[in-house]
Amino acid sequence: MRALILLGLVGLAAQLVDGSLGMAYGVTSTTLLLAVGTNAAAASATVHLAEIGTTLASGISHWRFGNVDWKVVAKIGIPGAVGAFAGATFLSSLSTEIAAPVMSTILLSLGVYILIRFTAFGLPRGNLGKPLRRRFLAPLGLVAGFVDATGGGGWGPVGTPAILASGRLAPRKVIGSIDASEFLVAIAASVGFFVGIGSENIDFAWVAVLLLGGVIAAPIAAWLVRHIPPRILGSAVGGVIILTNVRTLLRSDWIDASSGVQTVAYIVIALLWAGAIAYSVREYRRDKANESVEAVESDLRERGAEEEETASA
C-alpha cells in the first residue's frame, strides 16, 4: 500500500511539472519504475497506459484555459502517434545506449538557447503569430513519438524546446498543444506495447495510481501555465531541459562521470538556473512597471489633447 501511495504522489508531482512546463511526466514516472526493477518495456507501457488518462485530462484542462492551438496538435500529434507505435513495437530489440546521448546533446543545446533567450530577452516576438508548418512539425512529431516510446518519456523534452525555439507560438500554447497532442501518442504507444509484449508484465494497479495522481494535478498545472509570465516560464523550461539532459550525458557511456562530479555539476546548474529565474522575475517586474508608467503617460497625453480641443472649441 505504501508503494502505491508513493507512486500516486509521483504521478501527481510529475503531471504538475509536465502540465506546467510541457515535459517530465514520462521521464519521472519511468525512472521510478526502473528503480524498483521493472523492465524497460513494461515500465514504458505502464506509464503510457496511465498517460492516456492524464493527457486527456491535461488536454481538456489546457483547452478550457485557452492554451491549445489545435492546428499544431493535428500537425504534430498524428506523426507522433506513428513514431510512438513504431518505437513501442520494436523497443525490446532496440538499443538506445548510443541514441540517448546524441539526443541529449541536441536537447541540451536547445535548452541552453531557450534559457539564454528567455532570460536575457524575454519572449521572442519576431516570429510570434507566424504559422508552424507541417514540414517542420511532422518530422518533429515522428522523432519525438519514437523517442517517447523507446525511452519511456521524451515527447515533451523533444517537442517543447523545438517549438519554443521557433518563437512562433506563445510558451503557454506550446505547452498546452504538446500536452493535448500527447494523448494520441499515449494511445499509439500503448497499442504498440500490447502488440509487442502483451499485458502480462504490466501492473494495472500501478497504472491506476499513476493515472489518479496525474488527473488530480492536470487542471492545477493548466491554470499555472496560464498565469506564469512567458519570460519566467521560458527560463524555467530551459533549466529543466538542461538539468535533465546533463544528467543523461553524465551517466552515459560517453562520459560515465563519478558521483562526485555529477553532484558538483547538478549544484552548479541549479545555482545558475535559480539565478536565471530570479533575473527573469526582476526583469519582468521592471517591464511591467515601465508599461504602467507608459500607460499613465499615454492617458495623460490623451486627456491633455481632449482638454485642448475643448478649450479651442
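Predicted model: local features only at pLDDT ≥ 70, side-chain atom pairs only at ≥ 80, totals over all residues.

Which residue caps the N-terminal end of α4? I looked, and it is aspartate 69. One of its side-chain oxygens sits 3.1 Å from the backbone nitrogen of lysine 71.

**Entry: along α4**

I followed the helix from there. α4 covers residues 70-89, 20 residues in total. From first C-alpha to last I get 28 Å, close to the 28 Å expected at 1.5 Å a residue. Still, I found a bend of about 25 degrees at glycine 77. A proline, proline 79, follows within four residues of that bend.

**Entry: across to α6**

The C-alpha of glycine 80 is 8.5 Å from the C-alpha of proline 139, although 59 residues separate the two along the chain. Proline 139 belongs to helix α6, residues 134-151. Is proline 139 buried, partly exposed or exposed? Its relative accessible area is 44%, so I put it down as partly exposed.

**Entry: serine 235**

Then I moved to helix α10, residues 230-251, where serine 235 has its place. Why does serine 235 count as buried? Because its relative accessibility is 0%, and the cut-off for buried is under 20%.

What does its side chain pair with? I found a polar contact of 2.8 Å to the side chain of threonine 119. Leaving out neighbours within four places in sequence, I listed the contacts of serine 235 as Leu115, Phe118, Thr119, Trp273, Ala276, Ile277 and Ser280.

**Entry: stepping back**

Last, I looked at the whole chain. I count eleven helices and zero strands, so the pattern along the sequence is α-α-α-α-α-α-α-α-α-α-α. Of the 313 residues, 46% count as buried. The accessible surface comes to about 15200 Å², and 66% of that belongs to carbon and sulfur atoms. Among contacts with a separation of 6 or more, 84% are between residues 24 or more positions apart.

Conventions: Residues numbered from 1 in each chain as written. Heavy atoms only, no water. Helix = DSSP H or I, 4+ residues; strand = E, 2+ residues; numbered from the N terminus. Buried < 20%, exposed > 50% of the residue type's maximum accessible area, 1.4 Å probe, protein only. Polar contact = N/O pair within 3.5 Å; in protein donor to acceptor, adjacent residues only side chain to side chain. Contact = heavy atoms within 4.5 Å. Areas by Shrake-Rupley, 256 points an atom, 1.4 Å probe, with all protein chains shown as cover. Expected span 1.5 Å × (residues − 1). Bend = angle between axes of the 7 residues up to and from the residue.
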